[in-house]
Amino acid sequence: MIVPHTPTTSPPTGAVRKAVVPAAGLGTRFLPATKATPKEMLPVVDKPAIQYVVEEAAAAGLDDVLMVTGRHKRAIEDHFDHALELEQTLAAKGDTVRLDAVRDPARLADIHHIRQGDPLGLGHAVLCARRHVGDQPFAVLLGDDLIDPRETLLSRMLDVRARRGGSVVALLEVAPDQAHLYGCAAVESAGEDGVVRVTGLVEKPAPGTAPSRYAVIGRYVLDPAVFGVLERTPPGRGGEIQLTDALQTLAADGTVHGVVFTGLRYDTGDKADYLRTVVRLACGRSDLGPAFTAWLKEFVAGLADDGSGADGEKGSGEGEEGGVRRAA
């Protein structure tokens, strides 16, 4: 039987204002496209994936964003800066629609950049933000996970942090055969609908050994105490400093909660899911959706008629629902 837990810490004062976006990965799953282009800059319809993430942070009231980047990531800095010559050209043409689109990234938040240096894992990337964040709670948003703009996951997590203190992670219930792909959480009731207390965490458990079907996805609201723990956390799975391992230490003190997410999440860290994400978001656009959806229906009908894929090979079908991950 699950017993509700009473937090051992008091809720903090002050709102969370800072977000950290780790963006130093090499993007090897998307080579050769990412040989010279950061994976975070791959377009999702007409915006780079990382812009959706920053827009999510800004919509939740986080107006100070730190990008933790690496070598060959200058394009990210340029994207969130002003492009004066381009802006002047568009202004001279009276093209206000494109001018606003070019200016928007720099207006989303107060955006800073720091380099991770050596790719030592997500935990190390978060630790790189310590001087910028200071002793304040902060959010971490991973660029591979795009949350549908209509969802309020991050705002809900910030609310849980404000009321309960400690750290908060986003959890998604996944199929048992998918649990080994994620960090998985052992949980107990927190006496609130959609909120659980995290009692333990395992990074990518061996098949059949996951403590639950609750997988940690790429949204965190972290107490600054995580920095001291990360400093003492040795390299874990893959020889990297794992944020999951540090949160496991904090969970032992009863200060980690999870918000169970049942909404729309787009996974752009995999080539097939990336393509599905582009299709779904394009279909939902008022300017593109009607014509694109009509074409897509004709295209799919043509595949059904001849039983082949776009390259003439027999289609294998997909087990994932249109690139969207929901609760299992």
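This is a predicted model: local features need pLDDT of at least 70, side-chain atom pairs count only at pLDDT 80 or more; totals for chains, interfaces and linings use all residues.

Which residues of strand 6 (residues 138–141) are buried, and on which side does each lie?

1. Strand 6 is covered on both faces. Phe-138 and Val-140 are buried on one side, while Ala-139 and Leu-141 are buried on the other.

2. The neighbours of strand 6 are worth a look next. Strand 1 runs parallel to strand 6, and three bridges join the two. Within this pairing, Lys-18 stands opposite Phe-138. Strand 11 (residues 214–222) pairs with strand 6 in the antiparallel sense, over four bridges. Here Val-221 of strand 11 is the bridge partner of Ala-139.

3. Please check the peptide bond from Leu-31 to Pro-32, which is cis in the model, with omega near 5°. Pro-32 belongs to the loop between strand 1 (18–23) and strand 2 (43–44).

4. Val-45 deserves a glance too: its phi is near 65°, a positive value in a residue other than glycine. Val-45 sits in the loop between strand 2 and strand 3 (47–48). Its relative accessible area is 23%, so Val-45 counts as partly exposed, given that buried means under 20%.

5. His-72 also has a positive phi, near 65°, and is likewise a residue other than glycine. You will find His-72 in the loop between strand 4 (64–69) and helix 2 (74–79). Is His-72 buried or exposed? His-72 counts as exposed because its relative accessibility is 68%, and the cut-off for exposed is over 50%.

Key. Residues are numbered from 1 along each chain as its sequence is written. Side-chain values use heavy atoms; hydrogens and water are left out. Buried means under 20% relative accessible area, exposed over 50%, partly exposed in between (1.4 Å probe, protein chains only). Two strands pair if DSSP finds at least two bridges between them.
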